[in-house]
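Trainee: Can we go through this one together? I'd like to know what stands behind each label.

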Amino acid sequence: MHLSEQNSYTIQNIDPIQLVEQYGSPLYVYDGGTIRRKTQELQNAFSGINMKIKFACKSNTNLAILRLMREIGVELDVVSTGELEMGKLAGYDTGQITFTPSGVPFHEVKTAVEAGAIVNVDSIPLLEWFGQTYGNTKPCLIRLKPNVAAGGNIKIMTAHADSKFGISVLLLDQILTVVKKYDIKVIGLHQHTGSDIKDAEPFLQVADIVFEAALQFPDLEIIDLGGGFKVSYKPNDPITDMQLLGNKISERFKNFCEKYGRELQLWFEPGKFLVSECGYLLVNTTVVKEDPARTFVHIDSGLNHLIRPMMYGSYHHILNISNPAGEKKDYTIVGYICETDTFATDRPLPEVRQGDVLAFLNAGAYGFTMSSNYNARFRPAEVLIDNGVAKLVRRRETLEDLLLTQVGFTE
Ligand code: LLP
């Protein structure tokens, strides 16, 4: 979102306030140009090696976003058969889809494998089942847990020793025994460290652990290092230096390939890096309440639409796009949900008046996908702006949508 010389905000020259007038509030808006730019940035950082991007679509499953990803050569990482179906609907060939489940029923794995997706096997029992079911007829990757603690906060760390994800690298012998027993065709090793990882160091640390383990598997084609790159949440926020990380990882990867004796593919599965910054949640100010303790700004949205602040204490930058030149004051921004539902405490913002439109930044990843109907509220509409054109890509929900799955209420 850019502030023009006329002191108004635009996204690709489109006035976001007009979008709210047209499609209603609250409204999710995505800037396709940002997705294209971030994808290019990642590709440039790894231009010296055979690197593939698999978008972790749990962060945003709008079909228009998935279709855009496909058009720009980004493949897909899914965690459920629902996401797999969405990938297919967006035009993906199932061969471009990786299924990275976490302790799911084996029939889901079966569905994914038989649809043509490749699975990241995340437990010894699943590996046993995979061997019994497919022998050496279907390829798979194995998800390792490298026992490295990194990430923005404990709730989004996935590779530390106590984490539920993957098979501990300490169990490598057991993995190899099962692989040998069924002659399982392991074509890749996978790991995902966590989310919001700023420094190159943890990425290098886990890469070394995976490269070391990889030497035990003779038929590998892929090393998948997951996602987790830290994005910018505030102006001047330190983020993962992608060029630096790209250079360092590429160098180590080349050395590893030389040692391994073959050129492999390196995969990444970013969610936030590709879509966090492209998204805005636009909301309306319903009430400005001057309280002796603080000034509350109530909005027509809540943790039902953007749960990250309440769930992880995440910071989302907020702009008053209706009054950019207003005098700055401290406001506590709260949602309309009937429980504590705070987006920001004592946040300096240009004067907020009833009816002003506020924009929450970094709403493109884990915003809509983590939304709910709590308090019987409808989920917002979504708009994608791409090549200068704004398009409605999801309509706002209605009461009928909420009632669609309830049965027997007329009896
Ligand atoms: N690969 C795997 C196996 C994952 O579990 C995840 C995220 C990713 C890739 C993508 O991570 P990213 O690049 O987006 O950091 N809801 C939380 C984030 C949870 C991430 C879960 N796994 C949040 O809003 O901060």
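What follows is a run of questions about the labels, each with its answer.

Mentor: Before you start: this is a predicted model, where local features need pLDDT of at least 70, side-chain atom pairs count only at pLDDT 80 or more, and totals for chains, interfaces and linings use all residues. Residues are numbered from 1 along each chain as its sequence is written, and side-chain values use heavy atoms, with hydrogens and water left out.

Trainee: Why is Lys 58 called partly exposed?

Mentor: Buried means under 20% relative accessible area and exposed over 50%, with partly exposed in between (1.4 Å probe, protein chains only). Lys 58 has 33% relative accessibility, so it counts as partly exposed. It sits in the loop between β4 (51-56) and α3 (63-71); helices (H or I, at least four residues) and strands (E, at least two) are DSSP runs, numbered from the N terminus.

Trainee: What is Lys 58 in contact with, leaving aside its neighbours within four places in sequence?

Mentor: Val 79, Glu 83, Tyr 366 and Thr 369, where contact means heavy atoms within 4.5 Å. The unreviewed UniProt entry also annotates Lys 58 as "modified residue: N6-(pyridoxal phosphate)lysine", but such annotations may be inferred rather than shown by experiment.

Trainee: What puts the buried residues of α4 on the same side?

Mentor: Those of α4 (residues 81-89) are Glu 83, Leu 84 and Gly 87. They cover an arc of only 105° around the axis, so they share a side of α4; the arc is that of the directions from the helix axis to the C-beta atoms. They pack against α3, β5 (75-78), β6 (97-99) and α5 (106-115).

Trainee: Why are α6 and α7 called roughly parallel?

Mentor: Angles run from 0 to 180 degrees between N-to-C directions, with axes fitted as lines to C-alpha atoms, for helices over the stretch in contact. Under 35 degrees is roughly parallel, over 145 roughly antiparallel, 65 to 115 roughly perpendicular and the rest oblique. Helices α6 (residues 124-134) and α7 (residues 172-182) pack at about 10°, with axes 9 Å apart, and are therefore roughly parallel. By class, their contact has six nonpolar, three polar and two charged residues.

Trainee: How are those classes drawn?

Mentor: Ala, Val, Leu, Ile, Met, Phe, Trp, Tyr, Cys and Pro count as nonpolar, Asp, Glu, Lys and Arg as charged, and the others, Gly among them, as polar.

Trainee: At what angle do α2 and α9 cross?

Mentor: Roughly 35°, with the axes of α2 (residues 32-45) and α9 (residues 242-260) coming within 8 Å. That contact divides into three nonpolar, five polar and one charged.
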